[in-house]
Amino acid sequence: MQKPTFHRMKGGSIKTRLIASYIVIALAGILAISFISYARTSSTMKSKVGSLTTAINDQIRLSINAHLSNIEDIVSLIYSDSQACTYDDTDASISDLEKISIKSDIENTLLTNSLMNNFGDYCIIYSNNASVGILASSTSELFGSDTLYENVSSHITRETTNDGWFTGTNDYYSRIFYVKRINDNAVLLAAIYSADLRALMETSDQMSDMTIRITDEENRIIYSTIDEETGGTALDDSISSKITDKSRSTFFTEGQLVTTNTCGDDWKIVSTVPTSSILSEVYELQTFTIILTLIGIILVIAGGIVFSNTITRPIRRIVSVMQKAANGDLTQTSDFKTFGELDVLSHTFNEMITQMRLLLAEAETVSEQVQSQVVDIGDIATQSRTISENITIAMEEVAKGAATQLDESHKTFHSLENLANNIGLTINNVTEVHANSRDTREIGSNSISQIQDLRTKTLAVNTSMNSINETFDVLVKEVENIESVIALIHSISEETSLLALNASIEAARAGEAGKGFAVVAGEVSNLATQTEKSTSNIYDVINKIREYVNNTMEILDSAKTIFAEQSTMVSDTADSFQQIVDSTDLISDKINQIGDLTSEMSSLKEESLTATQNILEITEHSSANTEEVLSVTLEQLDISRNLSQKAAELEEATSSLQQSLSKFKVSEEKEVLS
């Protein structure tokens, strides 16, 4: 085939010049609009974000003030308890016991109030540095246990309310303290965790880049939403140098929008937002503007092409020639003179017509060859389709049989698997029963030995009871001996009384000479009287002893009977436990026989499961191979059908190509025939 030659463009490109002019004009307008839009949008965005951050700062200020006021209100509840407000731990007139009772009541009141908030400390501190309530050891170490009252009281800065907020003592910012005076010798200290302020500084997702800080009068950070900024860190100089005494201000510094506000106790709320975050949407708008600019340039180019086509009228003559060629007359040529792109187009058209003539001649030859081969391909495709259909039918029957076999194998395997599980449960139960029977036999054996010990101890008790009875018999005899002795003493005392009476009578007869003897007779009479009283008391005691001994004898007789019955019951119980042990031995032997049988069943179970698993794997493999062969056969059948269909389509296309080629006129005398 002859290679085409290209004609060099003459006079330059009109279309290029037109398009370049359109691009310059349109680009200048688009860039001007984009610059004005960007500047205006950037200014508006900064203003809107500034208003938004100011509103957020106001909301945070209100939240913090409300939170602090709530804590102050909770602390003020202490005034409802007159005892807590008036109690002075330094009062020496109050006893230690009363102090303990009063402090207990005050502590209950404080604990009740502390439940209203998550306090780190909540206690009353007295001028003697004693405290009642919740006081962390870290707080005591922070202010000093010996100077606790003095250091805490020094932070009462508001004279009207006798209270104050503070933090940062010894660079400790983890907690914020509130102190309020209760009376002349007591203050109440409450502490909240600085981390609890995070919940008050939550912002929307749109302001996720916003950083919020709370600073004291010296611009030292009390709390920050940035974890890396710990309490006590100094605020950046570029920000702190521009903070004024105004309650609220907004300014830009070093790529940040800063908003300040004042909350309770002259603390500052400082919010910062990176300018890049504020203008992110503006940057997106800038990107969108650039895209629109490129689209505008493309549209300008398209417009320039359309406009250039309208002003290049000579091209219509080439279009007329091309229309004739499109109708099948390939003898047409572009012989008129043109300029620029039109000149190139004219020569290119002539080259194209020449190439098309050669192409049609080659296409006619190829079409005739293809048509003769299409018939052979069609016959082969028909035979292949018939064979594939027969194979497919046979493979479908095989696949159905394999699927049925696989289902039955699965059912058999599941049945054996359930049987294996039941056998396993039976083995476990037999093992547990065997263990329980062993435990029962051990318990029975232990019980028999314990009952033997009980029987021995019961016999010992019976022996002791007999000894006690003998002892009490001896005691009764000794009591009787004592009674006989007391009777003798009583008779002696009566005779002594008579002798003393006679002596008194004789002394009275003797007169003055018998006075000394009368005194002796009186003393003997008194001694006889006391002896008689003592013998009476001894009689009473002996009677009581006799009564106690008789009662004890009755109790011992009853106990002896009970112990005899107990000894009989112990013997019967020992015989029963011996029968239990003998029965347990028989049960254990039977369980051992069952265990041996279940072990054999378990081994047979494992062999059955293994064989069934192998059969199932072989069946699954066979089924998978059958399905794979069936799939390949179906694909081959589809290929045969497609080949037959494509052969028919190719035959039709060849015929259509012959008809299409017959429409072209390649010379004055001859046309291409199908």
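Biologist: What should I know before I start?

Modeller: The model is predicted, so local features need pLDDT of at least 70 and side-chain atom pairs count only at pLDDT 80 or more, while totals for chains, interfaces and linings use all residues. Residues are numbered from 1 along each chain as its sequence is written, and side-chain values use heavy atoms, with hydrogens and water left out.

Biologist: How do strands of a sheet pair?

Modeller: They pair through backbone hydrogen bonds, either parallel or antiparallel. Strands (E, at least two residues) and helices (H or I, at least four) are DSSP runs, numbered from the N terminus. Two strands pair if DSSP finds at least two bridges between them. Here, five strands form an open sheet in the order β2-β1-β5-β4-β3, with antiparallel pairing. Its edge strands, β2 (131-134) and β3 (163-166), each pair on one side only.

Biologist: How many bridges link β1 and β5?

Modeller: Seven bridges join β1 (residues 119-126) to β5 (residues 186-193). Within this pair, Y126 stands opposite A186 in β5.

Biologist: Which strands form a hairpin with two residues between them?

Modeller: Those are β8 and β9, and E254 in the turn has a positive phi of about 50°. Six bridges join the antiparallel strands β8 (residues 248-253) and β9; R248 has N261 as its bridge partner in β9. Next, β9 runs antiparallel to β10, with seven bridges between them, and L257 stands opposite V273 in β10.

Biologist: Why is β9 described as largely enclosed by the rest of the structure?

Modeller: Buried means under 20% relative accessible area, exposed over 50%, and partly exposed in between (1.4 Å probe, protein chains only). Strand β9 (residues 256-262) is largely enclosed because five of its seven residues are buried.

Biologist: Is K268 buried or exposed?

Modeller: K268 is buried, at 11% relative accessible area. This residue belongs to strand β10 (residues 268-274). Its side chain makes a polar contact with the side chain of T262 at 3.0 Å. A polar contact is a pair of N or O atoms within 3.5 Å; within protein, one must be able to donate a hydrogen and the other to accept it, and residues adjacent in sequence count only if both atoms are side-chain atoms.

Biologist: Is L299 buried or exposed?

Modeller: L299 counts as exposed because its relative accessibility is 57%. You will find L299 in helix α8 (residues 280-311).
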